[in-house]
Amino acid sequence: MSQSLNIAIVSDVFPPKSGGSGWSSFYLAKALQERGNNLQVVLPKEGSEFGQATRDYEGLPVTEFIYPASHIPFVRNYTRNERLYPRFANWLENFFLKNSIQVAHGQHYLTIPPTVIAAKRSGAVSLGTVRDYWPVCYWTTHLSGNKICPGCTPLNRVKCLYHNQGPLGIPAAPLSLYMASNLKLKQRYLAQADAVIAVSNYVAVKLARFVPLHRLHIIPNFINFKDLQDISPVVDVEARKITEPELSPQSLVPSPDKYLLYIGKLEANKGANLLLDILREARPEIPTLVAGDGSLRGQMEKAALQENLNIKFLGWQEHSEVLRLIAGAEALLFPSLWPEPLTRVLLEAIGLGALVVALNTGGTPDIIQNGANGVLAENLPEFAYKLQSILKPEQSATRERLKAGALQTAHEKFSQEAVVTRTEELYLELIAQKQGAQV
């Protein structure tokens, strides 16, 4: 790109201690900087009183807006939303003007509203990236209990209070009015951004209810191939030890040469129950390793032992170990019932050229196309049948073709070059539109 831009990435959280949103913000900021842009990273940070701090993270200048926040439920949310937005927006306006910011890119629900306000005042273009369901769900999960939310109605909000707060949620029912107001506030500011980026088609459909379509764009998170380039499967069975379900955590056995893999929380919405049902029907000859933990682990281990299911529980694993497990797996099983917006697990899996067998939910079909770069199933019986079929010895050529297709998709659609180029083009388009409107 010939034109260097002054860009502010305004993130709710930022590495080294942050979740998926923080790492996605970091990768984007670093990639934009490497392409010759001038980057500033800004984030709100809780403290005892208002203030400001600066630091450097891997060559990126980071400025923190420090603010006090309550730790009382709901009051905490109010101090981090309704109270924070105008104060942070005032501070951001001065920051944008001081640093001649042309592009202000908010990354999550704490930062997009104040970013939009400050950008309008300072003359910068504003963008917001939506990576989960915070604009349509107060709890950000898009779940009611363990089921997909049927809609944010007054009655359903009261049910969600009970699901999330237990018996205390019943007397707190009047707070459902605040929940509705809070959602509308976030939606209103998001709709005012010059552009809203959804990471998948599924997320875009949710946002299209209140974001003007001409402002809505679908740009996924990208795969950081630098993290994957040195990853190779552990082929020495003595190099790594795993725990058998029938043994105590202290009793260790060598890992198998061939295995299926499940990664994630052992919770109902993540399809953990379905995993056992799939293995009951498919009865694969090779073991299934489970890298994850959760409330269902105990009963899953008990059922696996009683029913002689060939499944081994590893517990939580370091990210580098998870990548090695993916690289060595015969197939990654992804039976998530929750509509994942655009899960990083599958992005990393195709980036490693893995065979993925997944349920067709959420943003998953943006990554996996059935028969082209993986296997998609509509329900449990189809999942078990397709898994059983693809593992047959005579399907080895098909497995290799799907793995090659996965790697091709990773490079063509989700590479840093492809995604960041589209993002920069959007920045320039928005700047041109704003300049044209001012003439």
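Q: Hi! What relative accessibility does Ser-100 have?
A: Ser-100 has 44%, so it counts as partly exposed. Here buried means under 20% relative accessible area, exposed over 50%, and partly exposed in between, with a 1.4 Å probe and protein chains only. Keep in mind that this is a predicted model, where local features need pLDDT of at least 70, side-chain atom pairs count only at pLDDT 80 or more, and totals for chains, interfaces and linings use all residues. Residues are numbered from 1 along each chain as its sequence is written, and side-chain values use heavy atoms, leaving out hydrogens and water.

Q: Where does Ser-100 sit, and what is its phi?
A: Ser-100 is in the loop between α3 and β5. Its phi is near 50 degrees, a positive value in a residue other than glycine. Helices (H or I, at least four residues) and strands (E, at least two) are DSSP runs, numbered from the N terminus.

Q: And what about Glu-58?
A: Glu-58 also has a positive phi, near 50 degrees, and is not a glycine. Glu-58 lies in the loop between β3 (51-57) and β4 (60-68). At 47% relative accessibility, Glu-58 counts as partly exposed.

Q: Let's go inside. Which residues have the most contacts in the largest nonpolar core?
A: Those are Phe-96, Leu-190, Leu-207 and Leu-261, in a core of 77 residues. Helix α3 (residues 84-98) gives the most to this core, with six residues. A nonpolar core here is a set of buried Ala, Val, Leu, Ile, Met, Phe, Trp, Tyr and Cys residues joined through side-chain atoms within 4.5 Å.

Q: What does Phe-96 touch, neighbours aside?
A: Leaving out residues within four places in sequence, Phe-96 is in contact (heavy atoms within 4.5 Å) with Ala-8, Val-10, Ile-101, Ala-104, Thr-115, Ala-118, Ala-119 and Ser-122.

Q: Which residues are in the second core?
A: That separate core has 33 residues, including Ala-268, Met-300, Leu-333 and Leu-387.

Q: Switching to His-108: buried or exposed?
A: His-108 is buried, because its relative accessible area is 12%. His-108 is in the loop between β5 (103-106) and α4. Not counting residues up to four places away in sequence, His-108 touches Asp-12, Ser-21, Pro-113, Thr-129, Asp-132 and Trp-134.

Q: What about α16, how far apart are its end C-alpha atoms?
A: They are 33 Å apart, which agrees with the 33 Å that its 23 residues (416-438) should span at 1.5 Å a residue. The expected span is 1.5 Å times one less than the number of residues.

Q: Which residues of α16 are buried?
A: Among them are Val-419, Val-420, Thr-423, Tyr-427, Leu-430 and Ile-431. An α-helix has 3.6 residues a turn, so residues three or four places apart point the same way.

Q: Zooming out, how many helices and strands are there?
A: The protein chain has 16 helices and 18 strands. Its radius of gyration is 23 Å, close to the 22 Å that the globule rule gives for 439 residues, so the protein chain is as compact as a globular protein of that length. That radius is taken over C-alpha atoms, and the rule is 2.2 Å times the number of residues to the power 0.38.

Q: How much of the protein chain is buried?
A: Buried residues make up 56% of the 439 residues.
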